[in-house]
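Here is a short briefing on a structure with its sequence. Keep both in view as you read.

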Amino acid sequence: MIAEIGHYALVLALGVALIQSVAPMLGAARSDPVLMGVAGPTALAQFALVAMAFAALTACYVSSDFSVANVFENSHSAMPLVYKFTSVWGNHEGSMLLWVLILALFGALVAAFGGNLPATLKANVLAVQSWIASAFYLFILATSNPFLRLPEAPFEGRDLNPILQDIGLAVHPPLLYLGYVGCSISFSFAIAALIEGRIDAAWARWVRPWTLAAWMALTLGIAMGSYWAYYELGWGGFWFWDPVENASLMPWLAVTALLHSAVVMEKRNALKVWTILLAILAFSLSLIGTFLVRSGVLTSVHTFASDPTRGVFILAILILFIGGGLALYAWRAPSLKQGGLFAPISREGALVFNNLFLTAACSSVFIGTLYPLALEALTGEKISVGAPFFNLTFGPLFIPLLLAVPFGPLLGWKRGDLYGAAQRLIGAAGGAIVVIAVVFAVLHGGPVLAPFGIGLAVFAMAGAVTDLAERAGVGRVAPSVALARARGLPRSAFGTAIAHFGLGVSLLGIVCASTWGDERIVSVKPQETVSLRSYDLTFEGLIDRQGPNYRELLARFTVRHGGEVIGSMEPSKRSFASRQSSTTEAALMSRGFSQLYLSLGDSNPDGSIAVRLYHKPLVLLIWLGAVVMVVGGLLSLSDRRLRVGAPRPAAKSAMQPAE
Amino acid sequence: MTRRQRRLILIGSSLGVLVLATVLVLSALKDSIVFFNSPSDVVEKHVVGTRIRLGGLVKPGTVQRGQQLMVRFEVTDGNSAIPVSYQGVLPDLFREGQGVIAEGALEQSGVFKADSVLAKHDEKYMPREVADSLKKQGHWKDDYEKKK
């Protein structure tokens, strides 16, 4: 019964979405306020209906209703309650439902808080939003219906893929989807602007908060996914340049570029056409990201073909929105009024520099991710494009970007003073050089690039501090005045500096963990000791125990540092009977920002067990940096809410997504 | 600076970045991609020293563990089998009769020396390339496909 209610609600949502796709747009074309007014209530109704459908599926999972095929495939009655919730989106059908839930949520937010948008723009945006929604409802109902029943209810479910039974994976997809779907708002705004043939600085002001919110969700989602891969996959890597990871990195790069170009548009009314294109591209990459991961196109061209309806549907959606969006762009963009040009050395110029390198880096990832697919389709040759490719392409394209980060905020609008900016950055650069020299001196050789990487990170961090100090006038005025000035700085200034600082923090973590990480892979017998970097781990023995839906083989190690006991680590291997598979649960011990990482291999008949022990210096900084970036984004977002007296403050405050 | 010059600088720098990116991508594609081979391919080509990925099933009864985490096993696609040597910890899903991908190079002796072994974590527990080459060799077990 519950499943049928959910199914029915989803069908109703499609009906409502179809009305919302047409009526408001007609209204906008005819300046008919009644027709335009349809958009608001329908957007809210859509959200209510999809929420009902999602709640219904969740109820099926929580009550372990195995007569629903989707629940049978992905759940098990013995699974802990939290994983019953998370397995709702731990599969293709359910995750698509989560996708439309977030899409409907964003649509409802625009409807509810977009009161100060021009009526036609609002109507068009909501109509475009509803096109996307309709396509997805159709896709779910026609090819991926999560509410299908089995003719005979099985006694027990097949269990969720054990590797997904983890709290990190519970949070990761919703965050990523918030980011992906958040891009749909800027896409809808871009399409609406193209339809109306009008775009101005106010447009950028409305789009920016949404883009910022999407960017923050993506940043957190990617960091979460990376941390999950680090501790769950058992070999201590934090980024594998796996196609699935790249699928989320590409939208992030595009949104980051969009965020920066929207600043130019808002402040200087320039780069309009480019910003529109970026908005379309960002959402296109999000769509590609969603589908490539979910449909398995990337890992398998053949899974794609094995379900022809789904594959064709996905292709149709991609072609419709990406092709349609770009075609509309090609047709209408030339008629948009061009913005002004500016001197190359200026804040705008720096932001263009940022955009150029971000999009170039994004395309290199795109090629590396999709080239194997294309090659296989054309020649049948199978290749793998791995980390070496990305290190050779993405790396060199990102380094100039990082070097330029501290300069951007120090350059003035219109006409900047590069020499002046460089002078102000002397402290930061000096600090970086000293750090490089110290690292070289301490290491006596070793990897040559790593000290420069650290220097670059220090430069980015010190540059962010310099930016704030310069704005407050530290050193030029009395400390008390500088403090007062710093307090008076807009929050967005802090937001920028903190986000750039976070970038440096992440870079520092990446360089240190990947260069100076140490590992030992050995086989140990009880009471034997493994040593690594002045840590001694003694293997105390194996414990066999039963978890809720798995058996667990747990190894206990006592950790000593310089002879003193500092704790114990208990890595384990879990075997899940229902899927005949096992996972490795690594044990982590944090020492400051560094971590000891211990995971188990096979146990041998003689009582010994293979272990991998890693020391990962400063590894936590990688994810901490992402959190710092998001804090910067939050500050920037809150600035726009609180700024009073700026033109159209009401419109801006109304555009804040409620988090 | 005139409008024209500004525009030229903008277009010029865009082109510059584009060229840089293209050069990087092309050179990286030339040097850093790894081809996938089935045991039959390896027997057929027998290229010693080139880095490749070898994929197939772990031949039952061939896994031998030696000292210091040395492992030897054979990878088969039903028609040919290639002996593989690897030192390290095998992934969780490594099992006899299951799909596996080893990355490394063939040595003069005919042994494939792997420096990484993957047993991929996908829903079907079967690396796609392995499934494809098994299909090609006619040794595909249908029960793997039931799920989707």
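In what order do the strands of the open sheet of 4 strands in chain A stand? The order is β2-β11-β10-β9, and the pairing is antiparallel. Keep in mind that this is a predicted model.

**Chain A as a whole**

- Chain A holds 23 helices and 11 strands.
- The C-alpha trace of chain A spans about 80 × 75 × 55 Å along its principal axes.
- Buried residues make up 53% of the 659 in chain A.
- Take the contacts in chain A between residues at least 6 apart in sequence: 74% of them join residues at least 24 apart.

**The open sheet of chain A**

- In the order β2-β11-β10-β9 of chain A, the pairing is antiparallel.
- From one strand to the next, the twist averages 15°.
- β9(A) pairs with β10(A) over 5 bridges, in the antiparallel sense.
- Look for A:L588, which stands opposite A:Y597 in β10(A).

**Where chain A meets chain B**

- How many residues does each chain give to the contact? Chain A gives 43 residues and chain B gives 36 residues.
- Several elements of chain A give two or more residues to the side that touches chain B, among them α12 (301-306), α14 (347-379), α15 (387-404) and β8 (581-585).
- Strands β2 (518-524), β10 (594-603) and β11 (609-616) of chain A are also among the elements that give two or more residues to this side.
- α14(A) gives the largest share of that side, 8 residues.
- The side of chain A that touches chain B divides into 20 nonpolar, 18 polar and 5 charged residues.
- Strands pair across the two chains: 3 bridges join β1(A) to β1 (residues 33-37) of chain B, and the two run antiparallel.
- In this pairing, A:S384 stands opposite B:V34 in β1(B).

**Strand β4 of chain B and its partners**

- Is β4 (residues 70-76) of chain B largely enclosed or left open? Of its 7 residues, 5 are buried, so β4(B) is largely enclosed by the rest of the structure.
- β2 (residues 51-58) of chain B pairs with β4(B) in the antiparallel sense over 2 bridges.
- B:V58 has B:V75 in β4(B) as its bridge partner.
- β3 (residues 64-65) of chain B also pairs with β4(B), antiparallel, over 2 bridges.
- Here B:Q64 stands opposite B:R72.
- β3(B) and β4(B) form a hairpin with 4 residues between them, and B:Q68 in the turn has a positive phi of about 50°.
- β4(B) is joined by 7 bridges to β5 (residues 81-87) of chain B, and these strands run antiparallel.
- B:V71 has B:Y86 in β5(B) as its bridge partner.
- β4(B) and β5(B) form a hairpin too, with 4 residues between them; B:G78 in the turn has a positive phi of about 100°.

Note on methods. Residues are numbered from 1 along each chain as its sequence is written. Chains are lettered from A and ligands numbered from 1 in the order in which they are written. This is a predicted model: local features need pLDDT of at least 70, side-chain atom pairs count only at pLDDT 80 or more; totals for chains, interfaces and linings use all residues. A residue is buried if 20 or more other C-beta atoms lie within 10 Å of its own, exposed if 12 or fewer, and partly exposed in between; C-beta atoms are placed from the backbone. Two residues are in contact if their C-beta atoms, placed from the backbone, lie within 7 Å. Ala, Val, Leu, Ile, Met, Phe, Trp, Tyr, Cys and Pro count as nonpolar, Asp, Glu, Lys and Arg as charged, and the others, Gly among them, as polar. Two strands pair if DSSP finds at least two bridges between them. Axes are lines fitted to C-alpha atoms, for helices over the stretch in contact, and angles run from 0 to 180 degrees between N-to-C directions.
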